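Dear colleague,

I am handing over the structure that you will be working with.

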Amino acid sequence: MKYLVTGGAGFIGSAAVRHLVKAGHHVLNIDKLTYAGDPRTIAEIANAPGYTFLRADIADAEAMGRAFMDFAPDVVLHLAAESHVDRSIDGPGAFIDTNIRGTFVLLDAALQYWKSLPPETRENFRFLTVSTDEVYGSLGASGSFSETTPYQPNSPYAASKASADHLTRAWCETFDLPTIITNCSNNYGPFQNAEKFLPTIIRNALIDQPIPIYGRGENVRDWLYVDDHVSALITIAERGKVGEKYNVGGNAEVSNLDLANTICAILDEMRPRADGKPYAEQLRFTKDRPGHDFRYAIDATKIKADLGWEPSLTFSQGMRKMVKWYLDNQSWWREGAENIKRLGLGDEKQ
Ligand SMILES: NC(=O)c1ccc[n+]([C@@H]2O[C@H](COP(=O)([O-])OP(=O)(O)OC[C@H]3O[C@@H](n4cnc5c(N)ncnc54)[C@H](O)[C@@H]3O)[C@@H](O)[C@H]2O)c1
């Protein structure tokens, strides 16, 4: 199969690219290499046969048009995005450009390409927009998001992703482009950008800095190991129904404070502090994120019932695997660690 992956030098995209290339697929990886894209994520497959990297902006219509026609993909996994909620508070413009306009440009390029295909090839083409559970807004103490939960995005990031989902759906309804939308919960695993919450916990623990916990750490998220997200995306690309949405989750709802404590406890065991004290002593409550959604929870019944997909790792297996990777790959997060600042307090100039 020929997979066109956007954002394949980022956290989730690179996990998808590594997996697809190793499985013998042809892959065109389109990535602009923003602050979040890093060639180290794909170094191990960079010279593999059947793999091509194109440094380009998904909002560049000419480059996207050419990429589709030249590569002739069977499947598009669209992951390129501005993805950091805190950054979307400080500077929403890039989120509009990439997540909304970029998705439009990509859908349009896909449509022109798809129309040029013979009917049997057309039928098998798939365009997956990889989205987030954040489009659904925030939950109270109970309930969960299903595929029919109305969209109520709260952050500029979530609103831009919701727009991309709506465009994706419209291109299917109006133009018959075979699209599918996936809405996944929080991912964790190797090569996550050092700014994000989990790498920050591990980094600050190991460099003996305060570990910041927004608010009182009561916000709840569902967590999924990144390779399980990739297996869900491939399952959906292969067997998902055109025009549908699929929620993807890890059956692992945890508060931010419990999550940080879990990671600290794993570090206590795998890499005890020199003074023998628990890493949890470094946890510090800090000013909350403006508009911080209280709780996300995914009802992933549909993907299990219709496609038989379930996560392969439990929360505790995944967390241990992730912590071990960050311990074994310290250059990933040590480089530039001193320049990482708290973002998204809403008081930056745009
Ligand atoms: N990380 C999560 O927990 C999570 C959960 C659910 C859904 N998602 C979605 O999955 C996708 C990937 O998330 P991630 O965490 O891997 O993000 P990431 O920030 O790690 O990677 C994004 C990648 O997209 C590239 N990119 C950004 N703008 C681009 C542009 N204009 N043109 C081409 N490339 C561009 C970046 O260089 C980077 O390599 C996003 O669409 C995100 O909304 C993420």
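What follows is a description of the strands, the surroundings of the ligand and a few single residues.

Please bear in mind that this is a predicted model, in which local features need pLDDT of at least 70 and side-chain atom pairs count only at pLDDT 80 or more, while totals for chains, interfaces and linings use all residues. Residues are numbered from 1 along each chain as its sequence is written, and side-chain values use heavy atoms, with hydrogens and water left out.

I begin with strand E1, which covers residues 2–6; helices (H or I, at least four residues) and strands (E, at least two) are DSSP runs, numbered from the N terminus. Four of the five residues of E1 are buried, where buried means under 20% relative accessible area, exposed means over 50% and partly exposed lies in between, with a 1.4 Å probe and protein chains only. E1 runs parallel to strand E2 (residues 26–31) and is joined to E2 by five bridges; two strands are said to pair if DSSP finds at least two bridges between them. Within this pairing, Val5 has Asn29 of E2 as its bridge partner. E1 also pairs with strand E4 (residues 75–78), again in the parallel sense, over four bridges, and there Tyr3 stands opposite Val75. Together with helix H1 (residues 11–22), E1 and E2 make a right-handed β-α-β unit, right-handed meaning that, with the strands pointing away from the viewer, the path from the first strand over the helix to the second runs clockwise.

E5, H6 and E6 make a right-handed β-α-β unit.

The ligand has 28 residues around it, of which Ile12, Asp31, Ser83, Tyr157 and Lys161 come nearest; a residue is counted as near if one of its heavy atoms lies within 4 Å. By class, this shell has 13 nonpolar, 11 polar and four charged residues, where Ala, Val, Leu, Ile, Met, Phe, Trp, Tyr, Cys and Pro count as nonpolar, Asp, Glu, Lys and Arg as charged, and the others, Gly among them, as polar. A polar backbone atom of Ile12 is 2.7 Å from an oxygen atom of the ligand, an N or O atom in the side chain of Asp57 is 2.9 Å from a nitrogen atom of the ligand, and a polar side-chain atom of Thr98 lies 2.9 Å from a nitrogen atom of the ligand. Taken alone, the ligand exposes 830 Å², of which the protein buries 97%; these accessible areas come from the Shrake-Rupley method with a 1.4 Å probe. The elements that give two or more residues to the shell are H1, strand E5 (126–132), helix H6 (156–175) and strand E7 (186–188), and E5 gives the largest share, three residues.

Two serines deserve a look of their own. Ser131 is placed in strand E5 and counts as buried because its relative accessibility is 5%. Its side chain makes a polar contact with the side chain of Asn183, at 3.5 Å; a polar contact is a pair of N or O atoms within 3.5 Å, and within protein one must be able to donate a hydrogen and the other to accept it, while residues adjacent in sequence count only if both atoms are side-chain atoms. Ser14, in helix H1, counts as buried at 0% relative accessibility.

Finally, there are two loop residues to check. Ala72, in the loop between helix H2 (61–71) and E4, has a positive phi near 55 degrees although it is not a glycine, and counts as partly exposed at 26% relative accessibility. Asp208, in the loop between helix H7 (197–206) and strand E8 (211–214), likewise has a positive phi, of about 60 degrees, without being a glycine, and is exposed, with a relative accessible area of 55%.

With best wishes
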